[in-house]
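Biologist: Before we discuss the terms used for this model, may I see it?

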Amino acid sequence: MTTLQMTAPASKTFSGHTFSVDSVRQDFPILATMARGRPLVYLDNAATTLKPKSVVDAVEKHLLLGASNVHRGVHYLSEKATAEFEASREAVRAFLNAKEKAEIIFTAGTTASINLVANSYGSMLKPGDEIVISAMEHHSNIVPWQMLCERQGLVLRVAPINDRGELLMDEFEKLIGSRTRLVAVVAVSNALGTVNPIKDIIDLAHSRDVPVLLDAAQAVAHMPIDVQALGVDFVAFSSHKLFGPTGLGVLYGRRELLDRMPPFLGGGDMIKSVTFAKTLYADLPAKFEAGTPHIAGVIGLGAAIKYVQTVGLQQIAAAEAELLEYGTKRLKEIEGLKLIGEAQHKTSILGFVLDDVHPHDIGTILDQEGIAIRAGHHCTQPLMDRFKVPATARASLAFYNTKHEIDALVAAIIKVQRLFA
Amino acid sequence: MTSQTDLYQQVILEHNKKPRNFGKPAHHTHAAEGFNPLCGDHLWVYLTIDSGADGSEIINEAAFEGSGCAICKASASMMTMALKGQTTTAAKTLFTEFQSLLKGELNPESQPHQLGKLKIFSGIWQYPARVKCAALAWHALNGALNNQKTVSTE
């Protein structure tokens, strides 16, 4: 038997591209700053990802030198802004591999995207109709459906999960019945890191003529979402979890469905003509984009997608898989630490609890070490109830994190344990 | 405040580990529940209030039970110790002073106060997310004194 000697390379090559963590860290100036007098260790990427300089530059350039409204101006600046705005829509289309640009709708965020579907598609549903979600949904993919159910007498069904945090597909299948009108499910759990079998879910739902909405907020920065390959009906995500600005989201919808759906918000930009007797609505995507949009944000999102494509989603996924493996191994070595979320298929999210230390105390003490994690229920209270914990501590990693930072996390956790011993 | 010794001082860690006056007493005259649904801190405060010779109301017993983070538990434990033997008027003054301390509006080193050991919670105002943890037991106390059954600091 031969033993292979492995040396840690400074950079790794995946499919011809070179990925160097030292080099990508240069793109995020915040990573060189201090927090509470210590070098910042940013492990809260599931809450929001950091912004590369190219995104901030694009936003700044628009605000300083290109600010004007889109879609209605007849002057140079407005036409230029409209062109950039629409170029971002095309970038999103290509990123999701949507069939046409008109299927990309800009919203205020994942929450707004889901509320759009719940209100618009939801308005076409009847009392007794059913919506199926899973036990690991974020509140943003629970509450809009509860509100719809209350408004229109619908029934919400919740697919259970196992102790590792994986969907019970057999149970899921049983919940899809003759009254099911939509399956709304998270692609990647923000609290557990679980990657759901979205293709299986979509195929299952479609075999019963039920459309599927994917909450891809936590997925888009970590894995490719190809809407045509998946055959998915709706996809919701936020710009700020994809290295772009906050206050902006995307709803992808299949034209066939979007065409049938009534507008959600009424106002400027979403009309063809208005008289007091009758208003004609605009075509897609304007029909769902009432009011002046977040122009700077959309331009920033375009730059963020370009950045992700330059680094390469495959490279990002590979780097994060390595960090996840290392982080899981290191955290499991800590006695008294329990991982919450141990699915076979995970993204780089490490939820955990410590014996006899409340997650908020962990969060504050780590903060004092310059380490940013999230402590709380992560907007998934039903999930916390499922695991019988009030909250968890969560370290969420991105491709610009390092093993050295995971070592710092481990050392700080051990410090917490000593303090509370 | 950049060192953890400032917020997680030995006194707080010790009260967290061995909370005083912990558990529901068989007898009490006033009680209230404090609950922060967002972080899960959940406790009950129990008081035995008797009338004093001069007509004042004296808190003869104070206890709490529940679960929460170290800041929440230590604050509750130290509060019960500070309350015993106080008039309800003095307790209300303590409540007001403690709120000012948590907001960073009362400097215990330069301004007069009756807080005693409770001044250890000064500086928590630099951690806004944790202020409500330290405040919860006190809001429950305020609820108990005002016949309010449930309070929340969120």
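Modeller: A residue is called buried if 20 or more other C-beta atoms lie within 10 Å of its own, exposed if 12 or fewer, and partly exposed in between, with C-beta atoms placed from the backbone. This is a predicted model, in which local features need pLDDT of at least 70, side-chain atom pairs count only at pLDDT 80 or more, and totals for chains, interfaces and linings use all residues. Residues are numbered from 1 along each chain as its sequence is written, while chains are lettered from A and ligands numbered from 1 in the order in which they are written.

Biologist: Which residues of H2(A) are called buried?

Modeller: A:Val55, A:Ala58, A:Val59 and A:His62 are the buried residues of H2(A). Seen down the helix axis, they fall within an arc of 95 degrees (taken from the directions from the axis to the C-beta atoms), so they line one face of H2(A). The face turned away carries the exposed residues A:Asp57, A:Leu64 and A:Leu65.

Biologist: What makes S3(B) and S4(B) edge strands?

Modeller: Two strands pair if DSSP finds at least two bridges between them. The open sheet of 4 strands in chain B has the order S3-S2-S1-S4, with mixed pairing. S3(B) and S4(B) each have a single partner strand, so one side of each is left without a neighbour in the sheet.

Biologist: How do you know that S2(B) is paired with S3(B)?

Modeller: The definition asks for at least two bridges, and 10 bridges join S2(B) to S3(B), which run antiparallel. One of the residues concerned is B:Val45, whose bridge partner in S3(B) is B:Phe64.

Definitions and conventions:
Helix = DSSP H or I, 4+ residues; strand = E, 2+ residues; numbered from the N terminus.
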